[in-house]
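Grab a pencil and work through these exercises with the model open beside you. Each task comes with a solution in steps.

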Amino acid sequence: MPTISPALHRPIAIEPLDFSEVGVWTWDAKSDDVQFSEAGYRIFGLAEGTPITWTELQERLLHPEDAPKASAAVAAAVDQRDQYRIEYRITTPAGELRWILASGRPSYDDQGSVLGMRGRVEDVTERKQEQLALAEEVRSLEIINSTGALVASEFDLDRIVQAVVDAGVSLTGAQFGAFFYNVLREDGGAYMLYALSGAPRSAFETFGMPRATPVFHPTFAGEGIVRSDDITKDVRYGKMGPHHGMPEGHLPVRSYLAVPVASRSGEIIGGLFFGHSEPAQFDARDERVMIGIAAQAAIAVDNARLYQAAQEELRRRTEIEAALRDSEEFLRLILNSAPAGFYAVDNEGVTTVCNPAFLRILGFESADAAVGRKLHDLIHHTHPDGSHYPKEECPIYIAAAGGGAAHVPDENFFKLDGTAVPVEYWVEPLVRDGRNAGAICIFNDITERKAAQATQSRFAEELAEQVEARTAERDRMWRLSAELMLVADFEATIVSANPAWETALGWAPEELHGRKFLDLVHPDDVEPTLKEVGRLSEGATTFSFENRYQHKDGGYRCLSWTAVPDQGFIHAVARDVTAERDAAEALRRTEEALRQAQKMEAVGQLTGGVAHDFNNMLAIVIGSLDLARRRLDRGQPGAERYLEAAHEGASRAASLTQRLLAFSRQQPLTPRVTSLNKLVGGMSELLRRTLGETVEIETVLAGGLWLANVDPNQLESAILNLAVNARDAMPDGGQLTIETANAHLDDQYVRDHIGLSAGQYVMLAVSDKGHGMPADVVAKVFDPFFTTKPVGKGTGLGLSMVYGFVKQSGGHVSVYSEVGQGTTVKIYFPRHVGAAEDMPSTITARPAPDGTGTEVVLVVEDEERVRAMSVDALKELGYIVYQAGSGDEALRVIDTLKRLDLVFTDIVMAGMTGRQLADRIRAQAPHVKVLYTTGYTRNAVVHNGVVDAGVDFLPKPFSIADLARKVRAVLDKEQPR
């Protein structure tokens, strides 16, 4: 409908009209309402006064195919200011289809906007049906006439049948039609689809042709026309399998019409079949029309078949003659090309034909030399042993005289030159019109075959002999082998076992047959044995798999297995390795005892050395103190000299203790991220003072040197120790070189050095040009108390300390030395990725700092004399000091104090440890700082030789200067938040 201006809407007055056969209607453009006269409502099948809009009228009543046409006609009338006249179909609410002739003219207001439309409607259904029926009859007559003219003049059967089927579809209004040719076989075979209309041939290709079902049979039997409004409800439908009706995916057929097509003789040529997906589409008129069409089709098919039969006979005769010629030529080609000899004889034995292979094998120059001759006397044949037989016994002559066929696998024919040819031949009699006409013979020269058979026979005999020999050898090995052999299935059932089982385990083979070998396996070895059997079942091969099998006497023997899977079985060989394992265990125990003895020897050497050195140092301490006391008791001067000697002896004892801890890798370390280049550079002045003017020091420091995480104080001590050793190796002076470099220790290197990991390292080397060491000395340089220096010049713990410190730091140390050339000691530390920390050297002497006089320190120590010494020392240094002999006492003292800056506590104490005490204090007073001390290295703040991060620690024994520096450093350190 056209768009209406909203500004010009106003209602239209409807004049009351009442026509008996013509209805009047009006349409209001503003409301879209449509009103009818009484006749109009009746024409549209509506109750009088039913409200309805033009839009609803199109959607509900107008035929879907006609609604667009009606809407377009009304819109055109509005646009052109003209009336319209149109026919269209409606479907009444009751479902009745009616033809309507409608007309109307639009009306407009003063501004030219449409107000609505008025018109008339007339029911022209009867007139329209008469017109359609007449048009349909005319169309049908035209189709019938054109089809009749075509089939009367056409001899092409395909075109005739297709024209008839197309005409039937057009005349009946069927959706699809077909002609099936009547070729039903006695075995119930299918009819043949000849022509199809209204559907592609592919719609039937997947279902095969119809069979003689109760629905199809009446048509092909000529029993009459079959018409059904709904074939799916017909009593004859669905009576045969496998589908019991139309198969899934078949064209939908409800309405069904089938007409037989009979020839002049009464033969049912086939049937015309028509279908529609809707029911009740065919009527009696369709039957009458199709009877006429079927009659025309029958006559045309008869004529076409006669014509085609004549044409087919001519064609067949022509093909037969050509085929005969081709056959004769082909037969000649076959005979001439065949490698086998061929010839034919008549019933008198005279040769009638032969091929080139016959001439070649028997030595004839041409066919003329053989054809027309009796060949038995010419190529007389014998049995394979050379014995002759008369013509009357010849299979070829017997067949030619009316006997039967024969196959002779081995006989001798003779060439024209008299030499024998071994042949295999076949004979067949020739029969013409029921009478014997001779025989044919086909033969092959089997000279090469017989030679090959002879060779094969010799080879088979030799192979049999070899197999027999190898079988005997295998059986002999099975019987005599000292190793256990086993065949079992994958269910662990023993199929076969060799006699060695009885020798090794006491089980006779017949006792094992059918038994589960897992029954003999030690219970602890069953699970790994099952896993190995699983691997074998997957095709893997077993090498050196060991488990324990039970001896018949109840004991167990250790077996080493090799096994392979083959054709569903396990073939395994085992060796008794019990003695080897016992010997290996005995060797292990012997080696362990040797290591223990060596360990005890080393401990004895160590304790002897420690006792010797400590006795010397104690002699100095005790003797000096005794002398000092005597001088003091007498009031004589000079006691200070003996006190200094006692102090020196005690310091040497403390140094010895530290070296022992370093050697045993038990000394507490405080690692820092360190630049070895900076550390070596900072030691230059100390090294020059220590080594003297006769030693020239050279440093070769690598650029871009990696960092290492080591205890810088211990590393400085190690370098100083190595430098002193180098000086002692050069009594007349010489050059000392300290070198740094980046290094990579590869897999090959670390395989030769147990406990070392491959990777990146920082290397420090100390080299001298001294007298060097022989190989046997180099092998022992890291042993404790081993020294090459004169008595009294060394403890033998210097390099042991270096070795222990490096190993404790995760590194590696090696010595390279040649007599007369000098020595190089190389130390390797693992590379650390990160920034270096600035750590001042602890070897350079610094003055001991004092307290401020106000700082409060609590000393907690269960050893009374050590506690008294620490208290006195701290008071001497200017601190306010309190003391406690245990952790519990310390807590009581703290409760009485108004101020506390530092707790200096031993770690290992009876009852509450120093670490537990510190935790209790920090829980109450987080600002209080803690400094730990102990002479025992395995404790709560030192793990794996390394002091815990964030822990302040002062190892025993310590000097007053060491105590002063450490206490000052802890107090001055910023408290972590």
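**Exercise 1.** What is the strand order of the open sheet of six strands?

*Solution.* Before starting, note that this is a predicted model, where local features need pLDDT of at least 70, side-chain atom pairs need 80 or more, and totals for chains, interfaces and linings use all residues. Numbering starts from 1 along each chain as its sequence is written, and side-chain values use heavy atoms, leaving out hydrogens and water.

Step 1: the order reads E3-E2-E1-E6-E5-E4, with antiparallel pairing. Strands are DSSP E runs of at least two residues, helices are H or I runs of at least four, and both are numbered from the N terminus; a pair takes at least two DSSP bridges.

Step 2: strand E3 (52-53) and strand E4 (84-91) sit at the edges, each pairing on one side only.

Step 3: E4 is joined to strand E5 (residues 97-108) by eight bridges. Pick out Arg89, whose bridge partner in E5 is Trp99.

**Exercise 2.** Find the angle at which helix H23 and helix H26 pack.

*Solution.* Step 1: H23 (residues 864-876) and H26 (residues 960-972) meet at about 65 degrees, their axes 10 Å apart. Axes are lines fitted to C-alpha atoms, for helices over the stretch in contact, with angles from 0 to 180 degrees between N-to-C directions.

Step 2: H23 and H26 are therefore roughly perpendicular (65 to 115 degrees).

Step 3: now list who touches (heavy atoms within 4.5 Å): Ser870, Ala873 and Leu874 from H23, against Ile960, Leu963 and Val967 from H26.

Definitions and conventions. Parallel < 35°, antiparallel > 145°, perpendicular 65-115°, else oblique.
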